[in-house]
Amino acid sequence: MPRAVREQQMMDAAVQTFGRCGYRAASMDEIAELAGVSKPLVYLYLNSKEELFTACIQREAKALVAAVRSGVEPGLPADRQLWAGLRAFFTHTAENPDGWAVLHRQPRAHGEPFATEVMVMRDEIVAFVTGLIGAAAREAHHDPALPDRDVAGLAQALVGAAESLAGWANDTPGVSAKEAAATLMNFAWAGLENLMHGRPWLPPDKSAGQRQRRTVTNPVPGCPASSTP
């Protein structure tokens, strides 16, 4: 069997084992048995357990980023592009739950150097989403009203929400990728669309609220309105 094929089998077994058992509980013996190879061969091909887990993160991150990018067709309206990207994201995480666990759960629990590998992937997805939101703003009006910092913040919020929702969807029976994507789209797009058309939500004016509270209108029938000093 070619080395590349055998190595792929071992990586598949490692992702499944790490995803279901966790990094610390996973054993190289179990990975070797699942891959149908000897334990020394796993070490020969993939070195230490730490290096193997890092390689799993890198492979799964690359696959997720590729899935999201390929799911978005350039030239479509902004909402269609965002919808396509979300569907691609949730479809991939639903079809690869062990890979998503390797990316989303295990690195957070075990810190460096694994968290850094995940952040590289996350930064790439955030940059991609930032580009989508920026393009949507330009589409809405020729002189974009959204500052770069606001666009970047919206992208961070959207990616964070997608990550949490993917974990919930994978743990909740009966939730499809389409439903998860629609949930986030309904949550996010109404706000994004308002922003892109110059209708941002603004916090209430504090001074106006204070003036309103200072006036009491006819607290008792027949009595004149009064104001607090």
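This is a predicted model: local features need pLDDT of at least 70, side-chain atom pairs count only at pLDDT 80 or more; totals for chains, interfaces and linings use all residues.

Q: OK, how many residues does α9 have, and what does it reach end to end?
A: Helix α9 covers residues 148-171, which is 24 residues. From first C-alpha to last it reaches 35 Å, close to the 34 Å expected.

Q: Which residues of α9 are buried?
A: V151, A155, L158, V159, A162, E163, L165, A166, G167 and A169.

Q: Now α1. What span should it have, and what are the end C-alpha atoms apart?
A: Helix α1, residues 3-21, has 19 residues, so it should span 27 Å at 1.5 Å a residue. Its end C-alpha atoms are 26 Å apart, which agrees.

Q: And which residues in α1 are buried?
A: M10, M11, A13, A14, V15, T17, F18 and G19.

Q: What comes just after α1?
A: G22, with a positive phi of about 90°.

Q: How do the axes of α1 and α4 cross?
A: At roughly 95°, and the axes come within 10 Å. Helix α4 is residues 49-71. Angles of 65 to 115 degrees count as roughly perpendicular, so α1 and α4 are roughly perpendicular to each other.

Q: Which residues meet there?
A: From α1, Q8, M11, D12, A14, V15 and F18. From α4, K49, L52, F53, A55, C56, R59 and E60.

Q: Switching to D98. Where is it?
A: In helix α6, residues 97-104.

Q: Buried or exposed?
A: D98 counts as buried, because its relative accessibility is 16% and the cut-off is under 20%.

Q: What is D98 in contact with, leaving aside neighbours within four places in sequence?
A: V15, Q16, G19 and R20. V15 and G19 are among the buried residues of α1.

Q: Rings next. How many aromatic pairs are in the whole structure?
A: A search finds 5. One of them is F89 with F90, an edge-to-face pair. Their centres are 5.2 Å apart, with 85° between the planes.

Q: Are F89 and F90 buried or exposed, and which is it for each?
A: Both F89 and F90 are buried.

Q: Which residues do ring pairs link into a cluster?
A: F18, Y23 and F53. F18 in α1 and F53 in α4 also belong to the set of residues where those helices meet.

Q: What lies over the face of Y23?
A: K49, at 4.9 Å from the ring centre. K49 is also one of the α4 residues that meet α1.

Q: And over the face of Y45, what lies there?
A: R3, at 4.2 Å from the ring centre.

How values were computed:
Residues are numbered from 1 along each chain as its sequence is written. Side-chain values use heavy atoms; hydrogens and water are left out. Rings of Phe, Tyr and Trp (its six-membered ring) pair if their centres lie within 6.5 Å; planes under 30 degrees apart count as stacked, over 60 as edge-to-face and the rest as tilted. Buried means under 20% relative accessible area, exposed over 50%, partly exposed in between (1.4 Å probe, protein chains only). A charge sits over a ring if NZ of Lys or CZ of Arg is within 6 Å of the ring centre and within 35 degrees of the ring normal. Helices (H or I, at least four residues) and strands (E, at least two) are DSSP runs, numbered from the N terminus. The expected span of a helix is 1.5 Å times one less than its number of residues. Contact means heavy atoms within 4.5 Å. Axes are lines fitted to C-alpha atoms, for helices over the stretch in contact, and angles run from 0 to 180 degrees between N-to-C directions. Angles under 35 degrees count as roughly parallel, over 145 as roughly antiparallel, 65 to 115 as roughly perpendicular and the rest as oblique.
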